[in-house]
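Hello,

Here is the structure I said I would pass on.

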2 protein chains.
Amino acid sequence: MNRLFHTMIGFFVLTTAARADEGMWLLNNLPKELLKKKYDFDLTDAWRDRAMKASIRFNNGGSGSFVSPNGLAITNHHIGSDLIQKLSTKEKDLHKHGFLARTIEDELKCPDLELNVLQEIIDVTKDVQDAVKPSMKPAEALAARKAIMAKIIKNSLAKTGLRSDIVTLYHGAQYHLYRYKKYTDVRLVMAPEYQIAFFGGDSDNFEYPRYNLDICFFRVYENGRPASTPNYFKVSPIGPKDGDLVFVSGHPGTTNRLETYAHLTHRRDATLPYMLQMLRYREALLSQYAEKGKEQRRWAQRDLFPVANARKALTGQYHGLLDPAIMAQKKQAEEMLKPKGAKLPDSIIFSDSWERISRAQTWFADHEADYFLIERGDAFDSRLFRIARTLVRLADEIAKDDAKRLPEYRSSALESLKLQLFSPAPISKEYEQMKLTGSLYFLAEYQGRGNASLLLPRILEGKSIPDLAGRVIQGTKLDDVAERKRLYDGGKNAIAISKDPMIALARMVDSDARSLRSDYDEQDETRTQAYAEIAKIRFKKFGTTIAPDATFTLRLAFGTVQGYEVDGVKLGHATTFDQMYARAKEQEHHHPFDLPKRWVDGKGKLDLTTPFNFVSTADTIGGNSGSPVLNRAGEFVGINFDRNRHGLVRNFVYTDHQARHVSVHSKAIIESLQKLYGADELVNELFAK
Amino acid sequence: MNRLFHTMIGFFVLTTAARADEGMWLLNNLPKELLKKKYDFDLTDAWRDRAMKASIRFNNGGSGSFVSPNGLAITNHHIGSDLIQKLSTKEKDLHKHGFLARTIEDELKCPDLELNVLQEIIDVTKDVQDAVKPSMKPAEALAARKAIMAKIIKNSLAKTGLRSDIVTLYHGAQYHLYRYKKYTDVRLVMAPEYQIAFFGGDSDNFEYPRYNLDICFFRVYENGRPASTPNYFKVSPIGPKDGDLVFVSGHPGTTNRLETYAHLTHRRDATLPYMLQMLRYREALLSQYAEKGKEQRRWAQRDLFPVANARKALTGQYHGLLDPAIMAQKKQAEEMLKPKGAKLPDSIIFSDSWERISRAQTWFADHEADYFLIERGDAFDSRLFRIARTLVRLADEIAKDDAKRLPEYRSSALESLKLQLFSPAPISKEYEQMKLTGSLYFLAEYQGRGNASLLLPRILEGKSIPDLAGRVIQGTKLDDVAERKRLYDGGKNAIAISKDPMIALARMVDSDARSLRSDYDEQDETRTQAYAEIAKIRFKKFGTTIAPDATFTLRLAFGTVQGYEVDGVKLGHATTFDQMYARAKEQEHHHPFDLPKRWVDGKGKLDLTTPFNFVSTADTIGGNSGSPVLNRAGEFVGINFDRNRHGLVRNFVYTDHQARHVSVHSKAIIESLQKLYGADELVNELFAK
């Protein structure tokens, strides 16, 4: 424990000056000079283009890459596991036992996975900003911005046929149009057993040394055949050595490094405590359900990992913000950035920007939990409710102009949305009822605090929570895809007259939810405008040599492979198979340190000195899971799957003092595929000339 | 899940009229007429006296009884487990492997267990009430009541040498003096393996059918030799049959059946949500620590069961109060009790009593969580902190008159207090540091809500939470009993000059904590006075035919052995060994359904038709764990260890619709002691003539 809660005071002050390997860089603004100067590395356009077009965004929350010209993609097991579980049945548990397709015919089609591959970035900042006039009130500005963005996206889609998104950078100072090639026919090729992918479980999660084969393979298809992917990474049979320069090309989700002190204070005092309570609640609910039996365990595991993983990551963030040294550093940096004069050339009172963000936070302090519960849906944690809400909203939104729709219902987003809505992934009503009941009880806990709306008594209508949950889950037909399609096709009228109790519930809460959403978006717009002003000040001082906060879009980070020291103990840059077996033995093979039978029986077949996992200083965050780790030659030398606990504060401050990301070594992948899984076809494909 | 959250609407309305077997009866006010009428049972004074003097209060939170004239006592394993774990070492884990002393010499002395056996009850209501004058303000009334109670207790102790407590009944309408024989030399005789005592774990906790050998044996000693206990229960070799009248003689901890609607609303909206968040937080902390390795698991298990058990019990209570039907029933009962006229003969405006309680609750709404965190110590969850606080307070309190001391520091309480304070039970600094760090982070989460005091920044002094926790835990010497004695002997001066960092921490928070305590007590006094008035109205209507709420003092409950039906499935009055083996098999022996080796290997030795656990309708609650179940002849036919989930609402309303308490059958105890544990000496002692 000593180690888990190790303090962070001291070294952050140092790292403020020396920025080390900080930066999740935009692909259209890479730090070429810095790389040349520090590492004597020439980052060519060809290198960059391949990195861009061979990197994949997994829309269920991770990253990946192509590793053959025939559409073969690799990601983390914990990114694929959502799909692996959906492809499992009571009789055939692929999550537990693993999977290998020996032929193309054996590959399993995923019910609802969308992959995006970035093709092009266009700066549309001027177009977006010109649409917003200084005289506009926040609600007007928001509407104007939404309208221009919808228009740009629609035109781009019409022109190129590519998925087009606008990415808001630097919290509103820049707007870039991203065009993606989209794959929706994705098939599972290979997955190892959950127990080796996540050896050490929650206990070793965000720790190092590690021993995880956190990989799985998919293949993208077009027109029913493996897609051609000429941009791919060659797998290095050697992998990285201690001290090597490496790159991580992936999709970091969210960082908060450019947030103001007031915003971070709110995060510390409201957002994170709420999130942690919600996650702990869910984790307990799921764990207790999983204990009831084998089949319950199989269902609960779908949600358990992401919940436990988020709980551990956010705990690290929360503890970071509670460290007075980190907050003092944030305060100091902010004071240094604030202009000292009252007015600046373009006559905007910049020093007011921080104050405006601070004022917006008071709205969030009072309403954010309600927003999370009612609009984000924390109070209705059931896939069947989410389907109902989507159908209810679609009926309303689809009748509107694109410019006036909620962004997720724009015509450009419909195909992706329908992939989810009509997914044939199996649904367990027993499981959904447990989750909905539990989340309604969680809503009750928050209502008791007197902050939330009086929504609960209204939806309960004098009945108990289990009554309501039982009635809507047992009564709904939304587990049937055909019924969803019927309601979708029937549009507004079909929804209005539907007697489906889940549709009725979604209808009943929708006006409260929409009202919270529009208030939230308006307050967020106030913040966005203020942040754009602050960004201008920052650009004036630093140019764009500070990367924007992460936005779940493609970024390139770099760093060196190197170990570190904790409490006087040196941890090497890589672990080995041998060390994994030692760890299992030391823990008496007690779960989560139990190895799959294949690994117990197959020990003798392996070269035990094979490097297994390794660490580097590159700047990663959640969303980077599955990112390829590349060497100077642009070869795949490993796959990122985690940070260590010292890296958990990287949401707020970059540090390379002990903080590392953790990757599976390419040698370990090849060794285990060949010796334990007999996946010769797969290995041959990786090394085909 | 369907089953777990089964609704409770409907049948409560019925049970309000027909009171069935409700009642945790005072030993000096037993429902003799009711028993005669309903069950044709004559409850004689001799039967009552033996029940009283053979029943034991385990001061660590449970009940038990003497089962031989030589001081042999039986209780639940989950009541003894605290001690079983303290008697374990890294090398010898009695909790995991069980324990049997074959001879008196082998019995293991517990470091800090106190048992109380009730000898006499004296009604002192008049003395206590006369000391409080109607003109007194709440603080004065509180002081006057504390003074008279301290005096009565002191005199009783001086006169009899017996531990003397005053019990506040009906929330302040009656005061009874309880005199106990006290045993502090208690030794462990026998404990089965944890895994059979708690087969099914948290998953089956508060469920039925059940299969738990939840027993262990201790022996009380006087002057270094087994005590003579002529009042004991003979163990029945037959046990109870379906339909039998049975009695439960034990120490129910707390019920809230007589609380007002406003008080219950506060419990639902504030107390229980806080408690559940705190317990879920601790459970997660402990579970995650336990996953780190074998030794960590051993330490964490000490606290895990009580925390998980409380979480499950309070969840049931919370869900009960969230059921609109239960609250409506409470409201209706209250309206019927309220006098309709404005004034009553003794010129007190009774109808104001409810209003006064409601006003007091507004104070609790604002300050209760602070009280729990700072004064109850939820924010400083470490045994080392509790030791420090006791030493710091002792130094102050011992200098005062008994009448002015906090009750737990009165001279009459000192012996019990010192048993805990100077306990040689082992302490793990690593474990304590994890718990203290975790609970300080929990304090931070509550402070963020803006309700709590600014205590945290003051004690942190600019450092981080892990820094503070590491410094005070690693720096303190309070893990050494000799150091505690030195500080105790040194009194006020030794505490004032102590440089021990844990003593310093306890000193630093003490004035905040004491201030919360005195405010809390004053508000509680306001409530107490109002409750006393309400009790008078209730007595006028019903006499004392309604038993007072539970107070962790001896009560007698009665009921019949009978099964029940859930969702059309009939559950019999008892389970068998055979059914236990079937349950383990069905769950593939997956933890917590794994059986100890002795039970796997020994299956063939057992009569598999032996009844294992059984249920009855008698009125029990937490604290009744370990209570003997008696037949008409006053023989021991089983030992209570749990309620089912339908019984969890019994805190607020009694029901026998599905609600049952669960006990180990006396036949199962004898069968397993003889056939599996080879505990012939023990069995012989139970059946000695």
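The notes below go from chain A as a whole, to a helix pair, to the interface and to a hairpin.

This is a predicted model, in which local features need pLDDT of at least 70 and side-chain atom pairs count only at pLDDT 80 or more, while totals for chains, interfaces and linings use all residues. Residues are numbered from 1 along each chain as its sequence is written, and chains are lettered from A and ligands numbered from 1 in the order in which they are written.

Chain A as a whole

Chain A contains 24 helices and 21 strands (DSSP runs, H or I of at least four residues for helices and E of at least two for strands, numbered from the N terminus). Its C-alpha atoms fill a box of roughly 65 × 65 × 55 Å along the principal axes.

A helix pair in chain A

The axes of α7(A) (residues 138-160) and α20(A) (residues 501-542) come within 9 Å and cross at roughly 85° (axes are lines fitted to C-alpha atoms over the stretch in contact, with angles from 0 to 180 degrees between N-to-C directions). The two helices are therefore roughly perpendicular, a term for angles of 65 to 115 degrees. Residues in this contact include A:Pro138 and A:Leu142 of α7(A) and A:Asp521 and A:Gln529 of α20(A) (C-beta atoms, placed from the backbone, within 7 Å).

The interface

On chain B, 47 residues are in contact with 48 residues of chain A. The largest share of the chain B side, 11 residues, comes from α10(B).

A hairpin in chain B

Strand β8(B) (residues 163-169) has 6 of its 7 residues buried, so it is largely enclosed by the rest of the structure. It runs antiparallel to β9(B) (residues 174-183), and 7 bridges join the two (strands pair if DSSP finds at least two bridges between them). B:Val167 stands opposite B:His176 of β9(B). The hairpin has 4 residues between its strands, and B:Tyr170 takes a positive phi near 50°.

Regards

Note on methods
A residue is buried if 20 or more other C-beta atoms lie within 10 Å of its own, exposed if 12 or fewer, and partly exposed in between; C-beta atoms are placed from the backbone. Angles under 35 degrees count as roughly parallel, over 145 as roughly antiparallel, 65 to 115 as roughly perpendicular and the rest as oblique. Two residues are in contact if their C-beta atoms, placed from the backbone, lie within 7 Å.
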